[in-house]
Amino acid sequence: MTGVYRTCELKQRGLSDAHIRQQVTTGDLLPIRRGWYALRLADQKTVEAVRTGGVLSCVSALGKHGIWVPPDSRVHVRFPLEDRHNRRSCRGFGRMPPIDTAIDPVLAAYCCAARCLDDEGFVAVSDSILNTTPLEIADLRCALSAAPQRITRLLDRCDGRAQS
């Protein structure tokens, strides 16, 4: 999807250490940080997020998952909890999943987007998730269980039939 992989993901795809080294030598794989590689034509926002030590998240990740998001040229990155100080990081509500893929899963990115979007954008993104994924309003409510009531009340305005 993005062309950015951890070493273990490459090995799950059948590449050995020797094959990874060979692909780096030929330029087919580019090391972007310890244990992470990018294909030559990898998505540049994802490469940037991983290179800085994080994962593509929030509205940037939702867009990569095919969810409608308001236009935003910034690269939204979530850093590991222990690495967030002194960095601008997208943060979700409650416990977030570990950083083990280049792009946050939909619900993790959605929790971060709840902090970054205005009310109208949040409702539109929620509608898009309900319209384009198998997730239901109960899944969104569960993901946002640690969010303030102001945000969870916005879910009452959502309509999965809307095509934001």
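# Briefing: fold, sheet, cores and cysteines

With 164 residues, a compact globule would have a radius of gyration near 15 Å, and the protein chain agrees at 17 Å. That radius is taken over C-alpha atoms, and the globule rule is 2.2 Å times the number of residues to the power 0.38. This is a predicted model: local features need pLDDT of at least 70, side-chain atom pairs count only at pLDDT 80 or more, and totals for chains, interfaces and linings use all residues. Residues are numbered from 1 along each chain as its sequence is written, and side-chain values use heavy atoms, with hydrogens and water left out.

**Overall build**

- The protein chain has eight helices and five strands. Helices (H or I, at least four residues) and strands (E, at least two) are DSSP runs, numbered from the N terminus.
- From the N terminus on, the order is β-α-α-β-β-α-β-α-β-α-α-α-α.
- Along the principal axes, the C-alpha atoms fill a box of roughly 55 × 35 × 25 Å.
- Buried residues account for 45% of the 164. Buried means under 20% relative accessible area, exposed over 50%, and partly exposed in between (1.4 Å probe, protein chains only).
- Of the contacts between residues at least 6 apart in sequence, 57% join residues at least 24 apart. A contact means heavy atoms within 4.5 Å.

**The sheet**

- Three strands make an open, antiparallel sheet in the order E1-E3-E2. Strands pair if DSSP finds at least two bridges between them.
- Strand E1 (4-6) and strand E2 (29-33) are at the edges with a single partner strand each, so one side of each has no neighbour in the sheet.
- From one strand to the next, the twist averages 35°. Axes are lines fitted to C-alpha atoms, for helices over the stretch in contact, and angles run from 0 to 180 degrees between N-to-C directions.
- E2 and strand E3 (residues 36-39) pair antiparallel over four bridges. Leu30 stands opposite Ala38 in E3.
- Helix H2 (residues 17-26) packs on the sheet and touches E2 and E3, with its direction at about 100° to that of E2.
- Helix H3 (residues 44-51) also packs on the sheet. H3 touches E1, E2 and E3, and its direction makes about 40° with that of E2.
- E1 and E3 pair antiparallel over three bridges. Tyr5 has Tyr37 in E3 as its bridge partner.
- E2 and E3 form a hairpin with two residues between them. Gly35 in the turn has a positive phi of about 80°. Arg33 stands opposite Trp36 in E3.

**Nonpolar cores**

- The largest nonpolar core has 34 residues. Such a core is a set of buried Ala, Val, Leu, Ile, Met, Phe, Trp, Tyr and Cys residues joined through side-chain atoms within 4.5 Å.
- Leu62, Tyr110, Phe122, Val125, Ile129 and Leu144 have the most contacts inside the largest core.
- H4, helix H5 (106-116), helix H6 (119-132), H7 and helix H8 (149-154) each supply at least two residues of this core. H5 gives the most, with seven residues.

- Eight of the 11 residues of H5 are buried, so H5 is largely enclosed by the rest of the structure.
- Among the elements covering its buried residues are H4, strand E5 (77-78), H6, H7 and H8.
- Leu144 touches residues including Tyr110, Cys111 and Ala114, not counting residues up to four places away in sequence.
- Ala143, in helix H7 (residues 137-143), touches Phe93, Leu107 and Cys111, not counting residues up to four places away in sequence.
- The C-alpha atoms of Ala143 and Cys111 are 6.8 Å apart, across 32 residues of chain.

**Cysteines**

- A disulfide is a pair of cysteine sulfur atoms within 2.5 Å. By this rule there are zero disulfides.
- Cys58 is in no disulfide, and the nearest cysteine sulfur, that of Cys116, is 3.5 Å away.
- Cys58 belongs to helix H4 (residues 58-64) and is buried at 0% relative accessibility.
- The phi of Cys58 is near 60°, a positive value in a residue other than glycine. Most residues other than glycine have a negative phi.
- Cys142 is exposed, with a relative accessible area of 57%. Its sulfur is 9.2 Å from the closest cysteine sulfur, in Cys111, too far for a bond.
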